[in-house]
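Please examine the sequence and the structure shown below before reading on.

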Amino acid sequence: MSEDSHKPQLEASLQRVADRAVTAEFETWITQFKDPRTGEYVGPLGLRINFPCTGALRQVRVDAPKAKVLECFTFEDWVFLGDYDAFFDRKGREIAANITLRTSLASRLKDRSAVEFLTHDQVREADNVNFEYPAYVEPKRIRMSDSASPLSIELRTPSYPSLVGVSGAAYDWSLKISGLHSDSSELALKTLIEVSTSLFIELEMSIGLSCQLQRSFDADWVKEDWDVGEEPSGSPRFPMLRYPHEPVAQYLYAGSMGFSSPLLEYLAYYQVVEYFMPAYNFSGMVRRLRNALKDPRFDLADDAALGKVVESLTRGSKSYLSEREQLRVVMRECVDDDIIRDYFSRHPNGLKALGNKDRIAGVRAINLSNTHMKLTDQVADRIYDLRCRIVHAKESAELNAPLWPFGGESKRLRYDTQLVKFLARKVLIASSRPASWIS
């Protein structure tokens with residue numbers, strides 16, 4: 001166990017957990033907040049323990065309350081599973097996983113015969129651990145088994161104490177799969193994915209419960225150097241511009257999402273830009289039509305006059321532009337190459353990432369040195385390539401594999417999301433009008 005030179009004294013339960021972790025050859029650190037202003041260590045002591053995990057180590061933060069729980073279990077036998085908030089007890093041949101269950105539907109459980117309603121004493125007896133659950137938690141359980149399978153399944157709230165000791169809050173729902181025939185953690189991960197997938201769709205179709213395995217916070221989200229971005233411009237000004245309500249609502253909705261919804265956040269900003277495609281792609285036609293209709297001599301009953309208007313609207317123009325081409329038009333109308341160069345001068349890490357053609361497959365890389373293609377078109381093509389990989393779920397010779405919400409490539413969207421947010425803001429500003437409340 002590595003310690004800082006000030007040799008802090010751990011609380012007894014923390015020390016016992018630390019000693020056991022070191023004996024099990026789990027890399028372990030003592031943690032405490034160090035005040036950057038004074039250099040002094042302040043606040044409670046804790047631990048960081050690297051547990052084994054399929055694919056990589058899982059770092060778990062342990063404070064004194066968690067330590068009191070952990071020391072009741074043989075955590076040395078645990079292996080975390082993938083990036084899920086779940087572990088496999090190799091000795092007990094049992095999987096425990098935190099799950100998300102829509103609370104708006106949880107109230108319906110009162111009317112379901114498959115649900116057992118427990119007392120707190122029954123929960124403590126089942127867990128065989130002296131652990132105090134929050135009084136406001138109403139314990140519930142769903143148990144399933146079948147003579148054709150060695151596995152037994154249980155969903156329960158409050159969460160199992162073992163999970164509380166390493167990850168979640170006691171009021172979460174959790175899943176336990178028992179009866180595995182092997183101590184292989186890779187097989188346990190496969191079992192967790194396949195059984196939970198089948199179970200959750202069964203619960204949704206039978207009793208209307210929407211469930212999902214919780215995922216651990218993955219450090220891959222924050223390993224890259226991050227661009228600070230634009231600093232706030234100061235105090236807000238009195239509103240002088242009027243914006244269309246729908247795309248602004250979408251823009252604000254996108255900003256309310258966290259890193260846990262990268263694909264939805266990206267698409268929400270894309271849809272802000274998409275909203276204005278008709279306005280910019282047909283702006284010339286609209287202008288010519290407006291001018292024709294404003295002419296006091298124009299006769300709506302004159303078919304020949306109407307034909308001339310139609311001819312003027314369609315002359316020299318394509319009858320249809322693809323969505324990619326429409327996006328290019330919007331970019332050209334609302335930003336220019338200098339604006340994009342200035343953006344990347346303030347986002348060097350973003351430029352490095354978006355210039356890497358191997359970062360996200362099938363997506364155009366941005367190259368500021370490319371003299372054969374406007375930057376606005378490069379950016380538009382990259383935005384559209386990503387949009388296609390998000391919305392298309394099929395694989396074919398023409399399409400790259402789809403981006404899935406929890407795939408590795410989805411975790412690399414942060415620089416693209418920052419760029420499309422910036423461009424959505426520019427499109428909103430370019431499309432604004434003077435406010436009607438300003439004289």
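The side chain of Ser432 reaches the backbone oxygen of Ile429 at a distance of 2.7 Å. This value, like the others in this report, belongs to a predicted model.

**Two serines in one loop**

Ser432 is situated in the loop between helix 16 and strand 13. Its relative accessible area is 11%; because a residue under 20% counts as buried, Ser432 is classed as buried. When neighbours within four places in sequence are set aside, Ser432 is in contact with Leu241, Arg242 and Tyr243.

Ser431 is also placed in the loop between helix 16 (414-430) and strand 13 (433-434). Ser431 has a relative accessibility of 9% and therefore counts as buried. Its side chain and that of Tyr280 are joined by a polar contact of 2.8 Å. Not counting residues up to four places away in sequence, Ser431 touches Phe276 and Tyr280.

**The protein as a whole**

The protein contains 16 helices and 13 strands. Of its 439 residues, 43% are buried. Among contacts with a separation of 6 or more, 64% are between residues 24 or more positions apart.

How many residues of helix 8 are buried? Ten of the 14 are, and helix 8 is thus described as mostly covered. The buried residues include Pro262, Leu263, Tyr266 and Tyr270. The buried residues of helix 8 pack against helix 7 (245-255), helix 9 (277-281), helix 12, helix 15 and helix 16. From its first C-alpha to its last, helix 8 reaches 20 Å, close to the 20 Å expected for its 14 residues at 1.5 Å a residue.

One of these partners, helix 12, may be considered in detail. The axes of helix 8 (residues 262-275) and helix 12 (residues 323-334) come within 10 Å and cross at roughly 80°. Angles of 65 to 115 degrees count as roughly perpendicular, and helix 8 and helix 12 are therefore described as roughly perpendicular to each other.

Which residues form the meeting of helix 8 with helix 12? On the side of helix 8 they are Tyr270, Val273 and Glu274, and on the side of helix 12 they are Glu323, Leu327, Val330 and Met331. By class, this contact has five nonpolar residues, two charged residues and no polar residues. The spacing of such residues can be read against a general rule. An α-helix has 3.6 residues a turn, so residues three or four places apart point the same way.

Because 16 of its 17 residues are buried, helix 15 is largely enclosed by the rest of the structure.

Asp377 is found in helix 15. With a relative accessible area of 7%, Asp377 is buried. Leaving out residues up to four places away in sequence, Asp377 touches Arg328 and Arg332. Asp377 and Val329 are 48 residues apart in sequence, while their C-alpha atoms are 8.5 Å apart in space.

**Backbone geometry in the loops**

Most residues other than glycine have a negative phi, and most peptide bonds are trans.

A cis peptide bond, with omega of about 5°, joins Thr157 and Pro158. Pro158 is in the loop between strand 9 (152-157) and helix 5 (161-166).

Glu25 has a positive phi, although it is a residue other than glycine. Glu25 is found in the loop between helix 1 (12-23) and strand 1 (28-34). Arg93 likewise has a positive phi and is not glycine; Arg93 lies in the loop between strand 5 (86-89) and strand 6 (94-101). Glu25 is exposed, whereas Arg93 is partly exposed. The table gives their values.

| Residue | Phi | Relative accessible area |
|---|---|---|
| Glu25 | near 65° | 73% |
| Arg93 | near 55° | 30% |

Conventions:
Residues numbered from 1 in each chain as written. Predicted model: local features only at pLDDT ≥ 70, side-chain atom pairs only at ≥ 80, totals over all residues. Heavy atoms only, no water. Axes fitted to C-alpha atoms, helices over the stretch in contact; angles between N-to-C directions. Helix = DSSP H or I, 4+ residues; strand = E, 2+ residues; numbered from the N terminus. Parallel < 35°, antiparallel > 145°, perpendicular 65-115°, else oblique. Contact = heavy atoms within 4.5 Å. Nonpolar A, V, L, I, M, F, W, Y, C, P; charged D, E, K, R; others polar. Buried < 20%, exposed > 50% of the residue type's maximum accessible area, 1.4 Å probe, protein only. Polar contact = N/O pair within 3.5 Å; in protein donor to acceptor, adjacent residues only side chain to side chain. Expected span 1.5 Å × (residues − 1).
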